[in-house]
Amino acid sequence: MSVKGKVILVTGASQGIGRGIALRLAKDGANLALVDLKAEKLEAVRKEVEALGVKATTAIADVSKRDEVFAAVDHAEKTLGGFDVIVNNAGIAQVKPLSEVEPADLERIFRINVDGVLWGIQAAARTFQARKQKGKIINASSIAGHDGFAMLGVYSATKFAVRALTQAAAKEYASQGITVNAYCPGIVGTDMWVEIDERFSEITGTPKGETYKKYVEGIALGRAQTPADVAALVAFLASDDSDYITGQAILTDGGIVYR
C-alpha cells in the first residue's frame, strides 16, 4: 500500500483528525496541500509534514465557500505539479436538542459539513477530468452517519448527507475512473470531542468528562480512537490498494456501530 509521490489535498488539516491524516500520508510519501482557516496552526503542520521529507503547501480557505475550495485545489495542482486525491475532512459538531435548533444553527453546520464536501467533490472531479486521469475523493462521515444520536441530531443529519453524496458521486464518476468513498470515525480524542462533552454537560447537568467516558466504555476494543487510527483507513483509501472500492462509507470506530 503506497501513496508515494501522489498529490493529496486535506481540508481541516490544522489539527485533530486532519493533522493526523496529513502526517500519515506524508510518512507514506505523499505530497500534501493543507487547507484550513487557522493559519498559524496550519503552518506548524506544514513544517511537520516537510520534516518527513515530502513537499507541502498551504491554502487558507473556508470550505463552505465554493470559490475558495476551487481556488485551493487549483493552488495544490499548480504548486505541487499534479493532483491525485482530495480528503474532504473539515467539519464541525453541534450538540443541541432538536427542539432548540435555530435556522442559523442548521445553516452553519450544513454549509460546512455538507456544502464543503460537495464543493470538494466538484473541484476534485473537475481537476481530474481536465487532467484526463483517474482520481480519488475521500469524504468525512461518522458513526453518526450510520446511526442518529440524541442531542447530535442535526450533526447526524449532515453525516447521513455525506454518505448520500458519496454514493451518488461514486455512481456519477465511476466511468471516468474516479472513486468516491467516506470514512466514519467514532469517539476520537480530539478537541471536537472536548467540545461535545462540554455541551452535553451543559445540557444534561452531567459532570464534565462523563459523556466522553460513557461513550468510550461502549467501544468493543476498549479504548478511545486516535487520529492515527482514522488516518490508517484514509491512507488505504488514498492508495492503489483501494482501486476497486467505491461508494462506501467505512466504519472505523473500534466496535460501536455494526453494519
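What you are looking at is a predicted model, in which local features need pLDDT of at least 70 and side-chain atom pairs count only at pLDDT 80 or more, while totals for chains, interfaces and linings use all residues. Residues are numbered from 1 along each chain as its sequence is written, and side-chain values use heavy atoms, with hydrogens and water left out.

Let us start with the annotated region. An unreviewed UniProt entry places the feature "domain: Ketoreductase" at residues 6-186; UniProt positions follow the numbering used here, feature names are shortened, and annotations may be inferred rather than shown by experiment. This span is 49% helix and 19% strand, and its end C-alpha atoms lie 28 Å apart. Helices (H or I, at least four residues) and strands (E, at least two) are DSSP runs, numbered from the N terminus.

The unreviewed UniProt entry also lists Tyr 155 for "active site". You can find Tyr 155 in helix α5, residues 153-173. Is this residue buried or exposed? Tyr 155 is buried, with a relative accessible area of 9%; buried means under 20% relative accessible area, exposed over 50%, and partly exposed in between, using a 1.4 Å probe and protein chains only. Leaving out residues up to four places away in sequence, Tyr 155 touches Ile 92, Ala 93, Gln 94, Ile 109, Asn 113, Ser 142, Ala 144 and Met 192. Contact here means heavy atoms within 4.5 Å.

Now move to strand β5 (residues 135-140), where Gly 135 lies. Gly 135 is buried too, with a relative accessible area of 6%. Along the chain, Gly 135 and Asp 84 are 51 residues apart, yet their C-alpha atoms are separated by 5.2 Å. Setting aside neighbours within four places in sequence, the contacts of Gly 135 include Asp 84, Phe 128 and Gly 177.

The structure holds one cavity of 30 Å³ or more. On a 1 Å grid over the protein atoms alone, a cavity is a set of points where a 1.4 Å probe fits but cannot get out, and lining residues have an atom within 4 Å of a point. Grid points are joined across faces, edges and corners, and a volume is the space filled by probe spheres set on the points. The largest cavity contains about 40 Å³ of space. Among the residues lining this cavity are Thr 11, Val 63, Asn 88 and Ile 112. Helix α4 (residues 103-131) gives the most to the lining, with three residues.

Finally, turn to helix α6, residues 191-204. Its 14 residues reach 20 Å from the first C-alpha to the last, close to the 20 Å expected at 1.5 Å a residue; the expected span is 1.5 Å times one less than the number of residues. Which residues of α6 are buried? They are Trp 193, Ile 196, Asp 197, Phe 200 and Ser 201. Seen down the axis of α6, these buried residues fall within an arc of 140 degrees, so they line one face of the helix. The arc is that of the directions from the helix axis to the C-beta atoms.

What covers the buried residues of α6 includes α7 (210-217). In α7, Thr 211, Tyr 215 and Val 216 are buried. Their arc is 130 degrees, so they also line one face of their helix. These buried residues pack against α6, while Lys 214 and Glu 217 are exposed on the other side of α7.

Key
On a 1 Å grid over the protein atoms alone, a cavity is a set of points where a 1.4 Å probe fits but cannot get out, and a pocket is an open set with protein on both sides within 12 Å along at least five of seven lines; lining residues have an atom within 4 Å of a point.
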